[in-house]
Amino acid sequence: EVNLEALARERWTVPKFAQYIAGLGFDFDPGTQWHYSNSGYYLLGHIIEIVSGKSFAEFTKAALFDRLGMMDTSVDDEADVVPFRAAGYSAAKDRAGGYVNAPYIPMSIVFAAGATRSTVSDMAKWNVALFGGKVMSADSFKVMTEPGRLNNGKLASGAIFHPPGEEPRAPRPGFGPMGYTMGLHTGTLDGHRFMGHEGGIFGFSTIIENYPDDGFMLIIFANTEGGAGQLEMDTARLLFATDKRAGK
């Protein structure tokens, strides 16, 4: 298991950390099981740099953020001076309900797996653009949102890899079977379909969820670890109840 706090004490460049990831080996033969991988997104970001000849920050700014009017969104650098940048917090281990400053983590370790800073309003622009056909072609979006499958044709979500000693996560009340496409998770909450993604690093957690049958999306940013998911779920259920009372 990778200890991010220990890794954060070293100096890393993106090529050096990509090489470190390459040396970790495979958990299973490709196409036989599935497991979410931050390392996979990291390597994708490095591939973009090699193919484009630009840094990941330069590429995303020109190809995506500027084009979509996302002026408060950028691949982060801890050396940047950013007005109104939020501070991240972790739950205190020695007192219930208390918080401490989150541990430091260099953005070169997070990189394409979650080092982008943004605002809720910019993420709303992104979400509308992505689902509105402004980011990629309709054919590409169709491929992107199809469930991942294994070499045998079965859904990848039916063969989730669990590291030795890790117990499978207990089913959460109200959640239907979870799936994963090319960059989005899918599932149901109390029978309501959703598609989106969550993320988090030391001190922060975020989630964007689209409920296509209900006609709304939720974007939650929290400057605490693990805070966004539960808040999103509770908010969605309030909106379900409001729609039900309104007869929708």
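Visitor: What share of the 248 residues in the protein chain is buried?
Guide: In this predicted model, buried residues make up 32% of the 248 residues in the protein chain, where buried means under 20% relative accessible area, exposed means over 50% and partly exposed lies in between, with a 1.4 Å probe and protein chains only. Because the model is predicted, local features need pLDDT of at least 70 and side-chain atom pairs count only at pLDDT 80 or more, while totals for chains, interfaces and linings use all residues. Residues are numbered from 1 along each chain as its sequence is written, and side-chain values use heavy atoms, with hydrogens and water left out.

Visitor: And how many helices and strands are there in the chain?
Guide: The protein chain has 8 helices and 9 strands, which are DSSP runs numbered from the N terminus (helices are H or I, at least four residues; strands are E, at least two).

Visitor: What about contacts, what percentage comes from residues 24 or more positions apart?
Guide: Counting contacts with a separation of 6 or more, 52% are between residues 24 or more positions apart, a contact being heavy atoms within 4.5 Å.

Visitor: Which lining residues are closest to its centre?
Guide: Of the 13 residues that line this second largest pocket, V75, D76, D77, M107 and S108 are the closest to the centre, and the elements that give two or more residues to the lining are α4 (56–65) and α5 (107–110).

Visitor: How does that lining split by class?
Guide: The lining of the second largest pocket has 7 nonpolar, 2 polar and 4 charged residues.

Visitor: Now the backbone: where is F84, and what is its phi?
Guide: F84 is in the loop between β1 (74–75) and β2 (89–91), and its phi is near 65 degrees, a positive value in a residue other than glycine. Most residues other than glycine have a negative phi.

Visitor: Is F84 buried or exposed?
Guide: F84 counts as exposed, at 86% relative accessibility.

Visitor: And D190, where is that?
Guide: D190 is in the loop between β6 (185–189) and β7 (192–201), with a positive phi near 55 degrees, and D190 is partly exposed at a relative accessible area of 39%.

Technical notes. 1 Å grid on protein atoms, 1.4 Å probe; cavity = no way out; pocket = protein on both sides within 12 Å on 5 of 7 lines; lining within 4 Å. Nonpolar A, V, L, I, M, F, W, Y, C, P; charged D, E, K, R; others polar.
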